[in-house]
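Take a look at the chain below. The walk that follows goes through helices, charged pairs and backbone geometry.

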Amino acid sequence: MTLPKDFESYFRARWREEEVQALLQGLDGEPSVSIRVNPSRLPADAEPEGADGRVPWCPEGFYLKGRPQFTADPLLHAGAYYVQEASSMFLAYVLRTVVMPRWPQGITTALDLCAAPGGKSTLLRSLLPDDCLLVSNEPNRARAQVLAENLAKWGHPKVLVTQAYAAEIAHSIGKEGFVEHPFDLILADVPCSGEGMMRKEEEAVRQWSPSFVSECAALQRGIIADIWPALRPGGFLIYSTCTFNPEEDEENVEWIVRELGAEFLQVPVDAAWGIRGDMRAQYSVDEYPSSLITHRFSHFLPGQVRGEGFFLAVLCKNGSEDADSEDTTASPKAEKRKKDKRKGKGDAAPALTILPTDQLECEGASRVELSIEDAIRYLQREALILPPDAPTGIVQVCFRGQRLGLMKNLGSRANNLYPKEWRIRSSYTQPHTLF
């Protein structure tokens, strides 16, 4: 890989030399391929074709020996599994071992702030209590549409997909049609410089520069300051990026603790997983005294873990859980930033758009099983002739028992009701399934 100018010198100024060399070697390696199964759709013992071991921090995750043509698999479109980078599945481990045990009464509201395309939201939805409302948000309209599609396919009634910026979400709490109280849990997988995706995305290499890193770090602080009032005192913030550098990672998390009022939650991990802690030169260590290590910061570095670059930290917001939601701990700087954003808007409420999630199921509809060839044709939104014994009216079409969507059977023909925006556009798809 040809790295960006100043990349090596930037990290040599902040990390120890041997760790920089290990990172450079890791970036020359091949990225892994991984998926995560939907436990509400596939049995616990389901294993994909071509599996190459489970993701150690997420039992629902599997590595694959190669990259199949996922688009050709009807079960992907049915929401039976999600193609997700293995490192980011660490969220499952954090929820199970750090967050859930500290919230025995049960999380009732959660927010995935920067959620598109939906990997972490679908993971959250699988692990959160069934009665917990998950608000899955994306400020970019086109990406928000993709997010809504993926969550509709994953399938769960307690999901609200929104398109808004952080300040708009905080302002909308208590408004009709939205959540009544601040969130118990916020996941902020903030926009970043993308260092961790350099093995997969050429754009991450092209756009990188020290100045871009600093711009991203400032943007991230602004986002967190804006969303901070939307987190309940005593609630949890999971901060994550797909970067390595301390400006966007360690230093930003320390800024949240110092400026907004929070405490670190330690994350114990198996040393064999290769997850690193604070990567700054003054804190780095080469050896751990036992098999279990504890981090305030969790770094996933290519070559040291089987996955791409990822960073995560867990914080608990200071203050009593019974505190008035209006009594936030945002700093004066954060309050000024919000006021500046609203200048010229008068008293009008910031815009928050709630996106519809297309219905793929119809209660009481008869189910019609499709062959894999017809399932792909359905997903391409082509016309199908259903079996002669298929009932007329709205029917649920399925593949291997997993619902794909709806059709209106008229007897002599059937109208394909699959959302046209979601259709498989390629006509050269060779049907195949992993399960």
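The model is predicted, and local features are described where pLDDT is at least 70.

Start with charge pairing. Side chains of opposite charge can pair when their charged atoms come close. By the distance rule used here, the count comes to 20 salt bridges. One of them joins the side chains of R12 and E8, at 2.9 Å from N to O. Both residues sit in helix α1, which spans residues 7-12, and they are 4 residues apart, so about one helical turn separates them. An α-helix has 3.6 residues a turn, so residues three or four places apart point the same way. R12 is partly exposed, because its relative accessible area is 34%. E8 also counts as partly exposed, at 33%.

A second bridge involves sequence neighbours. The side chains of E259 and R258 meet at 3.6 Å, N to O. E259 is partly exposed, with a relative accessible area of 28%. R258 reaches 57% and is exposed.

A third bridge spans more of the sequence. E361 and R403 meet through their side chains at 3.4 Å, N to O. This pair links distant parts of the chain, 42 residues apart: E361 is in the loop between β15 and β16, and R403 is in strand β18, residues 402-409. R403 counts as buried, at 2%. The cut-off for buried is under 20%.

The loop that holds E361 also holds D358, between β15 (353-355) and β16 (366-369). D358 is partly exposed, because its relative accessibility is 38%. Which residues does D358 touch, leaving aside its neighbours within four places in sequence? The contacts are A152, P419 and W422.

Now the surface. R381, K420, R423 and R425 gather there in a patch of positive charge. R423 lies in the segment after β19 (414-416). Its relative accessible area is 34%, so R423 is partly exposed. R381 comes from the loop between α12 (372-379) and β17 (393-399). R381 is partly exposed too, with a relative accessible area of 35%.

The buried residues are F90, L91, A92, Y93, V94, L95, V98 and V99.

Last, the backbone. Most residues other than glycine have a negative phi, and most peptide bonds are trans. R400 is found in the loop between β17 and β18. The peptide bond between A116 and P117 is cis, with omega about 5°. P117 sits in the loop between β5 (109-112) and α5 (119-127).

Key. Residues numbered from 1 in each chain as written. Predicted model: local features only at pLDDT ≥ 70, side-chain atom pairs only at ≥ 80, totals over all residues. Heavy atoms only, no water. Buried < 20%, exposed > 50% of the residue type's maximum accessible area, 1.4 Å probe, protein only. Helix = DSSP H or I, 4+ residues; strand = E, 2+ residues; numbered from the N terminus. Patch = residues over 30% accessible without salt bridge, like charges linked within 9 Å, V, L, I, M, F, W, Y side chains within 5 Å. Areas by Shrake-Rupley, 256 points an atom, 1.4 Å probe, with all protein chains shown as cover. Salt bridge = Lys/Arg side-chain N within 4 Å of Asp/Glu carboxyl O. Lys, Arg positive; Asp, Glu negative; His and termini not counted. Charge placed at Lys NZ, Arg CZ, Asp CG, Glu CD. Contact = heavy atoms within 4.5 Å.
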